[in-house]
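I opened this notebook to record, entry by entry, what I looked up in the structure.

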Amino acid sequence: SLRIDIVGPDTVKPTVPTNLAGTIQPNGDVVLTWTASTDNVGVTEYIVTRNSVEIARVPVPTATIPAPAPGSHYYQISAIDAAGNTSARTPSLRIDI
């Protein structure tokens, strides 16, 4: 007999990325790394925010941010899947330049 599976839209959010860490390079760039999120279908990219403003989207769990202005900056990462479901943001990572 013919079996038909009805697949509804993906409404499951990815898990929140973990272990967010940052290092300041000699040229002032900030390199962020984190542990990848998981999702029932698959994470397509990560959203990088600085001081609550989106500054980048990257496909892998690392990002190099061009040297920010001097001061304290707060970085957070969230994951997004192909259906546009977005995880909560990581706790803020403070980096002082």
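**Entry 1, one threonine.** I looked up T33 and found its place in strand β2; helices (H or I, at least four residues) and strands (E, at least two) are DSSP runs, numbered from the N terminus. I noted that this is a predicted model, in which local features need pLDDT of at least 70 and side-chain atom pairs count only at pLDDT 80 or more, while totals for chains, interfaces and linings use all residues. Residues are numbered from 1 along each chain as its sequence is written, and side-chain values use heavy atoms, with hydrogens and water left out.

Leaving aside residues up to four places away in sequence, T33 touches N19, L20, A21, P61 and T62, a contact being heavy atoms within 4.5 Å.

**Entry 2, the sheet.** I then followed the pairing of the strands, where two strands pair if DSSP finds at least two bridges between them. Three strands form an open sheet in the order β1-β2-β5, with antiparallel pairing, and its edge strands, each pairing on one side only, are β1 (18–24) and β5 (62–65). Between β2 (residues 30–35) and β5, which run antiparallel, I found four bridges; among the bridge partners in β5, T62 belongs to T33 and T64 to V31.

I looked at β5 from both sides: A63 and I65 make up its covered face, while T62 and T64 make up the uncovered one. In a regular strand the side chains alternate between the two faces of the sheet.

Which residues have the most contacts inside the largest nonpolar core? They are L32, W34, V48, I65, Y75 and I77, in a core of 13 residues; a nonpolar core is a set of buried Ala, Val, Leu, Ile, Met, Phe, Trp, Tyr and Cys residues joined through side-chain atoms within 4.5 Å. Two or more residues come from each of β2, β3 (43–50), β5 and β6 (72–81). Beyond four places away in sequence, V48 touches residues including L32, W34, A63, I65, Y75 and I77.

I finished with T49, which lies in strand β3 and counts as buried because its relative accessible area is 3%.

Methods
Buried means under 20% relative accessible area, exposed over 50%, partly exposed in between (1.4 Å probe, protein chains only).
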